[in-house]
Amino acid sequence: MNTPMNLSGARALAVGAGLTLALAMGAAPTAAMAEVRVGTTDVTVKADISNVSFKAPTVIPFAAKADGTLVGPSDKTITIDNLSAYGIHVTNMKVTAKNDWTIVADAKTGSAQNSIDFKVGPDKAEKDASSATQTTGLDLSKDESFDMKYKGIADGTDKIKLNVSGHVARVTRDIYHAGGTGDQVASITWTVEPGAHATS
């Protein structure tokens, strides 16, 4: 009679131990689930090159003095303006000669007829046009002076004020013209990209 009682007691102990183990095992997933209830999502923004907006001067009108020195307009009137909500950078300047003009490093000593040399760029960072006539243009991607900040920034750094200077020599073309517009000597192609590409 005692044996069935002992077996029932043993069975109760086993069931109790099993229930305790099950409860203990069931607590672990609850803690693990709590650890994965928080997630992180990164938010990014980037500008596509096709969305960059800027304005370059339509013309740089030089006046030639009798000695061949070129006088250009004020840097307040010829600017490259950033029209984008983010900073941009001029990465390349390509100069192409027009008509019968020859772009040289120094027209004062050049031997070709209709020779011209000119520089254009921000103060103390003017670029020689002759160095920008190569097929690939002139790489400006590491020149901080060609950075522009977002449109409308209070300090005016959303534009590049262009200083210009130069000379002509042995001119055979009509540089007056009836309309007084002058003779086109070159065109400048500016390439810009989002952001400041300069590196120190």
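Modeller: Gladly! Of the chain's 200 residues, 28% count as buried, where buried means under 20% relative accessible area, exposed means over 50%, and partly exposed lies in between, with a 1.4 Å probe and protein chains only. This is a predicted model, in which local features need pLDDT of at least 70 and side-chain atom pairs count only at pLDDT 80 or more, while totals for chains, interfaces and linings use all residues. Residues are numbered from 1 along each chain as its sequence is written, and side-chain values use heavy atoms, with hydrogens and water left out.

Colleague: Thanks. How many helices and strands does the chain have?

Modeller: There is one helix, and there are 13 strands. Both are DSSP runs numbered from the N terminus: helices are H or I with at least four residues, strands are E with at least two. Going from the N terminus, the order is α-β-β-β-β-β-β-β-β-β-β-β-β-β.

Colleague: And what share of the contacts join residues at least 24 apart?

Modeller: Among contacts between residues at least 6 apart in sequence, that share is 74%. Contact here means heavy atoms within 4.5 Å.

Colleague: Let's look at S12. Is it mostly covered or mostly open?

Modeller: Mostly covered: six of the seven residues in S12 are buried. The strand spans residues 163–169, and Asn163 is found in it. Asn163 is buried too, because its relative accessible area is 19%, which is under the 20% cut-off.

Colleague: What does Asn163 touch, beyond its neighbours in sequence?

Modeller: Leaving out neighbours within four places, Asn163 is in contact with Asp75, Lys119, Val120, Gly121, Pro122, Asp123 and Glu126.

Colleague: Which strands pair with S12?

Modeller: S7 pairs with S12 in the antiparallel sense, over seven bridges. Strand S3, residues 69–71, is also antiparallel to S12, over two bridges. To count as a pair, two strands need at least two bridges found by DSSP.

Colleague: Changing topic: which strands form the open sheet of three?

Modeller: The order is S1-S4-S11, with antiparallel pairing. Strand S1 (54–55) and strand S11 (159–161) are the edge strands, each pairing on one side only. Three bridges join S4, residues 79–82, to S11, and Asp81 stands opposite Lys159 in S11.

Colleague: What about the largest nonpolar core? Which residues touch the most other members?

Modeller: Val90, Val95, Ile116 and Trp190 do, out of 27 residues in that core. Such a core is a set of buried Ala, Val, Leu, Ile, Met, Phe, Trp, Tyr and Cys residues joined through side-chain atoms within 4.5 Å. Strand S5 (88–97), strand S7 (115–121), S12 and strand S13 (186–194) each supply at least two of its residues, and S5 gives the largest share, four.

Colleague: Last one: how many residues line the largest pocket?

Modeller: The lining has 26 residues, and Val59, Ile60, Pro61, Asp183 and Val185 lie nearest the centre. On a 1 Å grid over the protein atoms alone, a pocket is an open set of points where a 1.4 Å probe fits, with protein on both sides within 12 Å along at least five of seven lines; lining residues have an atom within 4 Å of a point. S13 provides the largest share of the lining, four residues.
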